[in-house]
Amino acid sequence: MFKSILVPIDLADTDLAKPAIATAATLAATWQGTVHLLNVMPMTPVMLAEYVPADFDAQQRETAQEALSIVARESGIPTERISYTVRQGGIYHEILEEAAKVQADLIVMTSHRPAMRTYFLGSNAGHVVRYAKCSVLVVRP
């Protein structure tokens, strides 16, 4: 049923992603599916561009790729069943784009406990749930 599972990860808080990765690993093992880890890097603000090295985005991408490779190794998912990628842009937009690219049947993501501000402003998880073309499982830590 779930052959392609996408797991967005915030590398600033990998502990938060552990429940989502564990859930995705169980589902992938059950359905002989694959897990795709995703990290979305924010765009470098134009106002900061003149103060950072010319290859700043490339350095950030390389660092994120290395961190994702560590997360993938530590997940316990066999290497032939896990992949990872880094995208740059708006978080929920890039999650939805990557879900379409990998033809995800399911997106498994964690979300912080709801706070009053998320009820008014919305959250990335909320946007993904509303606009994804596949099922979305939000795991609470």
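1. Basis. The model is predicted: local features need pLDDT of at least 70, side-chain atom pairs count only at pLDDT 80 or more, and totals for chains, interfaces and linings use all residues. Residues are numbered from 1 along each chain as its sequence is written, and side-chain values use heavy atoms, with hydrogens and water left out.

2. Fold. The chain holds six helices and five strands; helices (H or I, at least four residues) and strands (E, at least two) are DSSP runs numbered from the N terminus. Read from the N terminus, their order is β-α-β-α-α-β-α-β-α-α-β. The radius of gyration is 15 Å, close to the 14 Å that the globule rule gives for 141 residues, so the chain is as compact as a globular protein of that length. That radius is taken over C-alpha atoms, and the rule is 2.2 Å times the number of residues to the power 0.38. Along the principal axes, the C-alpha atoms fill a box of roughly 50 × 40 × 25 Å.

3. Of the 141 residues in the chain, 39% are buried. Buried means under 20% relative accessible area, exposed over 50%, and partly exposed in between (1.4 Å probe, protein chains only). Among contacts (heavy atoms within 4.5 Å) between residues at least 6 apart in sequence, 77% join residues at least 24 apart.

4. Glu98. This residue sits in helix 4, residues 91-101. Is Glu98 buried or exposed? Glu98 is buried, at a relative accessible area of 4%. The Glu98 side chain makes a polar contact with the side chain of Arg87 at 2.8 Å. A polar contact is a pair of N or O atoms within 3.5 Å; within protein, one must be able to donate a hydrogen and the other to accept it, and residues adjacent in sequence count only if both atoms are side-chain atoms. Neighbours within four places in sequence set aside, Glu98 is in contact with Leu6, Leu38, Thr85 and Arg87.

5. Second largest pocket. About 190 Å³ of space lies in this pocket. The search runs on a 1 Å grid over the protein atoms alone, and a pocket is an open set of points where a 1.4 Å probe fits, with protein on both sides within 12 Å along at least five of seven lines; lining residues have an atom within 4 Å of a point. Grid points are joined across faces, edges and corners, and the volume is the space filled by probe spheres set on the points. Helix 4 gives the largest share of the lining, five residues. The lining includes His93, Leu96 and Glu97, as well as Tyr131, Lys133 and Cys134. By class, the lining residues are eight nonpolar, one polar and two charged. Here Ala, Val, Leu, Ile, Met, Phe, Trp, Tyr, Cys and Pro count as nonpolar, Asp, Glu, Lys and Arg as charged, and the others, Gly among them, as polar.

6. Helix 6. Which residues of helix 6 (residues 124-131) are buried? The buried residues of helix 6 are Ala125, Gly126, His127 and Val128. Their cover includes helix 4, strand 4 (106-110) and strand 5 (135-139).

7. Leu106. Leu106 lies in strand 4 and counts as buried at 4% relative accessibility. Leaving aside neighbours within four places in sequence, the residues in contact with Leu106 include Phe2, Ile5 and Leu27, together with Cys134 and Val136. Lys3 is 103 residues from Leu106 in sequence, and their C-alpha atoms are 8.4 Å apart.

8. Ser69. Ser69 is found in helix 3, residues 56-74, and is buried with a relative accessible area of 14%. The side chain of Ser69 reaches the backbone oxygen of Glu66 at 2.7 Å.

9. Positive phi. Most residues other than glycine have a negative phi. Gln32, not a glycine, has a positive phi of about 50°; Gln32 lies in the loop between helix 1 (14-31) and strand 2 (34-41) and is partly exposed at 48%. Gln103, also not a glycine, has a positive phi of about 50°. Gln103 is in the loop between helix 4 and strand 4 and is exposed, at 63%.

10. Pro141 lies in the segment after strand 5 and is partly exposed, with a relative accessible area of 45%. Pro141 and Pro42 are 99 residues apart in sequence and 24 Å apart in space, C-alpha to C-alpha.
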